[in-house]
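Student: I am new to this structure and would like to know what stands behind the terms used for it. Please set each value against its definition.

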Amino acid sequence: MSADDLKRAAAARALELVEPGMRLGLGTGSTAAHFVDLLGESVAKGLDVICVPTSEATRAQAERLGIRLTTLEETPRLDLTIDGADEVDHELRLIKGGGGALLREKIVAAASERMVVIADKSKLVECLGRFPLPVEVVRFGLASTRLHIKDQAEDAGCFGDITQRMNRDGSPFVTDNGNFILDCAFVEILEPEILSDALGVIPGVVEHGLFLGLADMAFLAAAGGVEVIGPLDEDED
Ligand code: 5RP
């Protein structure tokens, strides 16, 4: 099975959770894109759901597929969000933001009754941090904010290079919200809660990619099948 087949398998499993009339959050990234494709097929067959996308890319994809969209202004509470992740640990703590959509992804996840992660099993880690932690920052004061992040992270026991995300053409990567991303190569984040609190109080930091206490379940696809982490554990044989 290719990596793409695994992503689609996880997405297909998540589609089973979708019920008519649900208000859904739609994630961002290649795995979430499989979910949106599959959802589009169900909508074409008559499934009625209403969705909030977590990025302009997902919005465009959903619009192409004829999926009914809304906003958090119109629909501030959602039933279920399905999204990918860059890393998942056994406590369902996540690193997200590899696609740069972490701010909207976190707002949408927080607005949802349930958040379900879909990924191939390579995203499951013993300790978060090998994937560089994305931190969304405002443009003003970038160098000061970067130093502040470094100091706070070191106090939280996290050391490593902090680099600004760039596009292939050398221009700065800009999020859908007009901000920059700093990628923090901490390698091991032994105490994610402490780091999360420390980053959260830095002026200039808009949001960071540690998703703690947000995910309720993960579908992780491997060659042998889709593994479930979370409340459905007991139901799976
Ligand atoms: C985007 C994200 C994605 O969910 C994450 O990067 C995983 O993407 P992919 O499914 O392509 O591996 O957080 O901001």
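Tutor: In this predicted model, 14 residues of domain 1 are in contact with 16 residues of domain 2. Local features need pLDDT of at least 70 and side-chain atom pairs count only at pLDDT 80 or more, while totals for chains, interfaces and linings use all residues. Side-chain values use heavy atoms, without hydrogens and water, and residues are numbered from 1 along each chain as its sequence is written.

Student: How do you know what area is buried between domain 1 and domain 2?

Tutor: Buried area is the accessible area (1.4 Å probe) that two parts lose on being put together, summed over both. For domain 1 and domain 2 this comes to about 1,300 Å², and carbon and sulfur atoms give 60% of it.

Student: Why is Lys106 called buried?

Tutor: Buried means under 20% relative accessible area, exposed means over 50%, and partly exposed is in between (1.4 Å probe, protein chains only). Lys106 has 12% relative accessibility, so it counts as buried.

Student: What makes Asp79 and Arg23 a link between separate parts of the sequence?

Tutor: Their side chains meet in a salt bridge at 2.9 Å, N to O. Asp79 lies in strand β3 (residues 78–83) and Arg23 in strand β1 (residues 23–26), so the pair ties together parts that are 56 residues apart in sequence. Asp79, at 23% relative accessible area, is partly exposed, and Arg23, at 31%, is partly exposed too.

Student: How do you know that Glu56 and Arg104 form a salt bridge?

Tutor: The closest N and O atoms of Glu56 and Arg104 are 2.8 Å apart, so the pair meets the salt-bridge cut-off. Glu56 lies in helix α3 (residues 56–64) and Arg104 in helix α4, so parts 48 residues apart in sequence are tied together. Relative accessibility is 36% for Glu56, which counts as partly exposed, and 22% for Arg104, also partly exposed.

Student: Why is His208 called buried, and what makes its pairing with Ser196 a polar contact?

Tutor: His208, found in strand β11, has 3% relative accessibility, so it counts as buried. A polar contact is a pair of N or O atoms within 3.5 Å; within protein, one must be able to donate a hydrogen and the other to accept it, and residues adjacent in sequence count only if both atoms are side-chain atoms. The side chains of His208 and Ser196 make a polar contact at 3.2 Å.

Definitions and conventions: Contact = heavy atoms within 4.5 Å. Salt bridge = Lys/Arg side-chain N within 4 Å of Asp/Glu carboxyl O. Helix = DSSP H or I, 4+ residues; strand = E, 2+ residues; numbered from the N terminus.
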